[in-house]
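Shall we take a look?

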Amino acid sequence: MDIKAIEQELFTLSKDNIVAYVKRVVPDAKPVIGVALPKLRTIAKRIVKDDWRTFLTDCPDEYFEQQILKAYVIGYANADIEEMLIYADAFVLKIKDWAVNDAFCASFKIALGHRERVYQWLMDYAEKEDAYLMLHRVKKVNDVNKDKWIGIGGHFEAGESPEEC
């Protein structure tokens, strides 16, 4: 797996309008090269046919597109669920923006065939080393919880306000 060749390909596919768009909608993203998501999906599918394990291990996380590629590769790779969860474990703690999270979640189709195991894996993140999994609501228009951090699995109790919950 030639990681440098993939990085060069990304720069060859760079478009200024995509750089501007990503910086606008994902302001906290890593540095952006500017490659369209369909192109990244195509590259990821090609990587999965090659030595995807080496790619996931050796590809740096310097650029937004590298993170998206890793998300797609984990999602598209065909391996045992336990192996994929090991790669997912290494990856999810590096997710720092909604776009990389969405790319990972949308492509992680192996979860559909292993719902109980993936649920158990996710619950391990609900509380880990005195840290708690929280959801930051940033996207939905007119959301009363916009810009709030919400714990998973919560619900309103009778008479409780959203803030109290």
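Predicted model: local features only at pLDDT ≥ 70, side-chain atom pairs only at ≥ 80, totals over all residues.

Me: Happy to start with helices: are H6 and H8 roughly parallel or roughly perpendicular to each other?
Reply: The axes of H6 (residues 81-92) and H8 (residues 115-126) come within 12 Å and cross at roughly 25°. Angles under 35 degrees count as roughly parallel. H6 and H8 are therefore roughly parallel.

Me: In the salt bridge of Glu-7 and Lys-4, which side chain counts as buried?
Reply: These two side chains meet at 3.7 Å, N to O, and both residues lie in helix H1, three residues apart. Lys-4 has 54% relative accessibility and so counts as exposed. With 15%, the residue that counts as buried is Glu-7.

Me: And which residues do salt bridges that share partners join into one network with Asp-61?
Reply: Asp-61 is buried, with a relative accessible area of 17%. Lys-70 forms a salt bridge with Asp-61, the closest N and O atoms being 3.0 Å apart. Lys-94 also meets Asp-61 in a salt bridge, at 3.1 Å, and that pair links distant parts of the chain, 33 residues apart. The residues joined with Asp-61 are Lys-70 and Lys-94.

Key: Residues numbered from 1 in each chain as written. Heavy atoms only, no water. Axes fitted to C-alpha atoms, helices over the stretch in contact; angles between N-to-C directions. Helix = DSSP H or I, 4+ residues; strand = E, 2+ residues; numbered from the N terminus. Parallel < 35°, antiparallel > 145°, perpendicular 65-115°, else oblique. Salt bridge = Lys/Arg side-chain N within 4 Å of Asp/Glu carboxyl O. Buried < 20%, exposed > 50% of the residue type's maximum accessible area, 1.4 Å probe, protein only.
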